[in-house]
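Subject: Structure handover

Hello,

I am passing on the structure we spoke about. Please look it over before reading my notes.

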Amino acid sequence: MSFSHKRRASSRGLPIGQPDSCDDTINEDDHQHHRRQLFHALDAAADEDADGTYAEIMSAIAATERRELERCNERNRCAVAPPAPQDNAALDHKFDQLLSEVHGLRDQIGDRIETLNRRLTQTNRLFLAHQDYGQRSNRAGDLLLIGVPPMFAGEGLRECYVRIARRLGYAGSEIPIVHIRRLDLGTAGDVPKPPRYSAAVLDNLSRTARVGKWRPPGVADPSACQPAAVHVQFVFRNARNEFYRRYQEGGRAGTGLSLPDLGYDGEAYGGLRVFVSENLTRGNVSLKAEAMRLKRDGKIKSVFTVNGQIYVKRTIDHRPELVTSSVDLLLLDESKMKANK
């Protein structure tokens, strides 16, 4: 329906006599215009409300960030601020306590290490003692003949042993059964090597100096041609002990074992003397050589061996002392003890 047609219809609906005036009628254009103004006003109000809410949100966010920044700054100021006097005292106390704990731990560790060292030393001594005992047990039935001329071999060695046994008082049927051989020194070429058991470790070294040494033709130094020791292994250990006891008693009684005393030609062998010694371990051989040096210096009276062990006597009235290490010999040397002080 058009606007003019609506207007005519409204004119026909008016009462009779009522003037057709626009003042008392409602214009539809004005009504729509009013509605548009109202909508504009509502939109403007809504825009204003939205702007206000956004501003409030942004303000809240800014305030939160500002407070967080202030808290961080305060924390940093506290971190770099110098500690209070009471804080210094607490720190000093904690440091002293920690230092005392460290010193205590160090002392405990030091004591533990010292205990372990003592136990290790004791274990090492026990091991060496057991090792030496095992080696001496293996050699308990052995003796060595030192100074037997090198041309004696085979039956010659056995004949020399029989003569020594008879010299010590054995009858023909009492001579102990043994296995006898000369030790192999392993020579290289024509250069002679020193023997394993030299005259330096013998009890009666001074008597060796008074008698001659066998010297082969063309050799000027007799010490370079010291004959190798003869190894004598007894079947029974008691027989070995009795043989060695008779040798020691014969030496004290003046029974000599020089080759002329044994029935050999003294001029052919230069008056060489035969010694009987225990088959010592290498460690005890070195200990006996050191003890003999002390004896030659007059610091001890005598040196002897029993069952493969070294014994010394300070004076004729002192009882024998067992020597198991170089420390024991150092204690016997008073001059070195005074020098160490």
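Below is what was found, from the whole chain down to single side chains.

Please keep in mind that this is a predicted model. The protein chain has 341 residues, and 26% of them are buried. Its secondary structure consists of ten helices and seven strands. Among contacts with a separation of 6 or more, 67% join residues 24 or more positions apart. The accessible surface is about 23,400 Å², with 54% of that belonging to carbon and sulfur atoms.

One residue I looked at is Asp132, which is in helix H3 (residues 85–138). Asp132 counts as buried because its relative accessibility is 19%, and the cut-off for buried is under 20%. Beyond its neighbours within four places in sequence, Asp132 is in contact with Thr281 and Asn284.

On the aromatic side, the structure holds seven aromatic pairs. One of them is Tyr244 with Tyr247, a stacked pair at 6.2 Å centre to centre with 25° between the planes. Both residues lie in helix H6 (residues 237–253), three residues apart, or about one turn of the helix. Tyr244 and Tyr247 are both buried. Phe304 and Tyr311 also form a stacked pair, at 5.8 Å centre to centre and 10° between the planes. Phe304 is partly exposed, with a relative accessible area of 22%. Elsewhere, ring pairs link Tyr161, Tyr170, Phe234 and Phe243 into a cluster.

Two arginines have their charged ends over tyrosine rings: Arg240 sits over Tyr244, 5.7 Å from the ring centre, and Arg163 sits over Tyr264, 4.2 Å from the ring centre.

Regards

Note on methods: Residues are numbered from 1 along each chain as its sequence is written. This is a predicted model: local features need pLDDT of at least 70, side-chain atom pairs count only at pLDDT 80 or more; totals for chains, interfaces and linings use all residues. Side-chain values use heavy atoms; hydrogens and water are left out. Helices (H or I, at least four residues) and strands (E, at least two) are DSSP runs, numbered from the N terminus. Buried means under 20% relative accessible area, exposed over 50%, partly exposed in between (1.4 Å probe, protein chains only). Contact means heavy atoms within 4.5 Å. Accessible areas come from the Shrake-Rupley method with a 1.4 Å probe; for residues, only the protein chains shown count as cover. Rings of Phe, Tyr and Trp (its six-membered ring) pair if their centres lie within 6.5 Å; planes under 30 degrees apart count as stacked, over 60 as edge-to-face and the rest as tilted. A charge sits over a ring if NZ of Lys or CZ of Arg is within 6 Å of the ring centre and within 35 degrees of the ring normal.
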